[in-house]
Amino acid sequence: MTTLDLFGGSEPGEPERLGSQAVILRRFATPYVPELLPAISGIEAHSPFRHMVTPGGFTMSVALTNCGHLGWITDRRGYRYSELDPQSGQPWPNMPAVFQRLARDAAAEAGFVGFEPDACLINRYLPGARMSLHQDRNEIDFTAPIVSVSLGATATFLFGGQERSDKVVRTPLYHGDVVVWGGEDRMRFHGVAPLKDQPPHPLLGRQRINFTFRKAGVAYTCAHSP
Ligand code: MD3
Ligand code: FE
């Protein structure tokens, strides 16, 4: 077996291109992990992971929480960002400095210098949890990149095109992998296949944790008449 087999076809640090402006930085988050895990525990203590309900009335199989100024939420009224955790009525926990550093460093590595996320959605997958094909369109500024960090169990990421019916590429995301996408790849359909049962990860057991850093912007709408 070669190093390439061990790292799923690519060595750590060697960017793997998913699209013209979407790259996988294999294992980029590894050096940050010892600081990331205690930070997650701190966030959970104030805003626990919970299963939210979609506007269509389905309970998500993925459990989520947030940190940073804005948090992504869903309920029967819709998908949106909120400054308050609806469960506590309090602001979301602050974004830990190590999260900000990881997001900024990964974005810069992918060519997006000066990325300052104001929102971090934290998804938790247990075996069987999945995320169906969707676009991220609740943010104000579609020019900012999105940075995602995968920890724990391996997931199969589904990367589609600009139309729901476009062909989907499947790629594994391993513990420590970071994906950065912006520009024309920002609005591509994507999802996560149902998490398979697998031997427990030494640090995270059967769970997969995913951080998604975004510039969500200020939630406001501006009506304009001609
Ligand atoms: C590609 N989460 O929370 S992160 C989500 O692994 C979400 O939990 C998945 O999709 C997860 O919205 C995937 C990777 C990701 C995030 C946003 C994207 C890929 C993306 C936006 C555009 C294209
Ligand atoms: Fe998404």
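## The R101–E35 pair

R101 and E35 form a salt bridge, with their closest N and O atoms 3.4 Å apart. R101 lies in helix α3 (residues 97-109) and E35 in helix α2 (residues 33-46), so this pair ties together parts that are 66 residues apart in sequence. Keep in mind that the model is predicted.

## Other salt bridges

Searching the whole structure turns up eleven salt bridges.

Take D85 and R50, whose side chains meet in a salt bridge at 2.9 Å, N to O. D85 sits in the loop between β5 (78-82) and α3, while R50 sits in the loop between α2 and β3 (63-67), so here the pair ties together parts that are 35 residues apart in sequence. Buried or exposed? D85 is buried, and R50 is too.

Then there's E139 with R214, a salt bridge whose closest N and O atoms are 3.2 Å apart. E139 belongs to the loop between β7 and β8 (146-152) and R214 to strand β13, so this pair ties together parts that are 75 residues apart in sequence. E139 is buried, with a relative accessible area of 5%, and R214 is buried at 6%. Which residues make up the network that includes this pair? D136, E139, R186 and R214 are linked in a network of salt bridges.

## R208, an arginine without a salt bridge

Strand β13, which spans residues 208-214, also holds R208. This residue is buried yet has no salt bridge. What is the nearest side chain of opposite charge, and how far off is it? That would be D177, 8.4 Å away. For a salt bridge, the nitrogen and the carboxyl oxygen have to be within 4 Å.

What the R208 side chain does have is a polar contact with the side chain of S150, at 2.8 Å. Setting aside residues up to four places away in sequence, R208 touches N123, R124, Y125, S150, L151, A153, A155, L173, V192 and L195.

## Pocket and cavity

The largest pocket holds about 750 Å³ of space. It is lined by 35 residues, and the closest to its centre are M60, W72, M131, S132 and H134.

The volume of the largest cavity is about 30 Å³. Its lining consists of F159, W181, D185, R186, R188 and H190. R186 turns up here as well as in the salt-bridge network with D136, E139 and R214.

## Two loop residues

P127 is found in the loop between β6 and β7. It is partly exposed, with a relative accessible area of 36%. How far apart are P127 and P194? They are 67 residues apart in sequence, but their C-alpha atoms are 7.2 Å apart in space. Leaving out neighbours within four places in sequence, P127 is in contact with L195, D197 and R206. L195 is also among the residues that R208 touches.

R27 is worth a look if you're checking backbone angles. Its phi is near 65°, a positive value in a residue other than glycine. R27 lies in the loop between β2 (22-25) and α2.

## The protein as a whole

Stepping back, the protein has three helices and 13 strands. Of its 226 residues, 50% are buried. Taking contacts between residues at least 6 apart in sequence, 72% join residues at least 24 apart.

Definitions and conventions: Residues are numbered from 1 along each chain as its sequence is written. Chains are lettered from A and ligands numbered from 1 in the order in which they are written. This is a predicted model: local features need pLDDT of at least 70, side-chain atom pairs count only at pLDDT 80 or more; totals for chains, interfaces and linings use all residues. Side-chain values use heavy atoms; hydrogens and water are left out. Helices (H or I, at least four residues) and strands (E, at least two) are DSSP runs, numbered from the N terminus. Buried means under 20% relative accessible area, exposed over 50%, partly exposed in between (1.4 Å probe, protein chains only). Lys and Arg count as positive and Asp and Glu as negative; His and the chain ends are not counted. A polar contact is a pair of N or O atoms within 3.5 Å; within protein, one must be able to donate a hydrogen and the other to accept it, and residues adjacent in sequence count only if both atoms are side-chain atoms. Contact means heavy atoms within 4.5 Å. On a 1 Å grid over the protein atoms alone, a cavity is a set of points where a 1.4 Å probe fits but cannot get out, and a pocket is an open set with protein on both sides within 12 Å along at least five of seven lines; lining residues have an atom within 4 Å of a point. Grid points are joined across faces, edges and corners, and a volume is the space filled by probe spheres set on the points.
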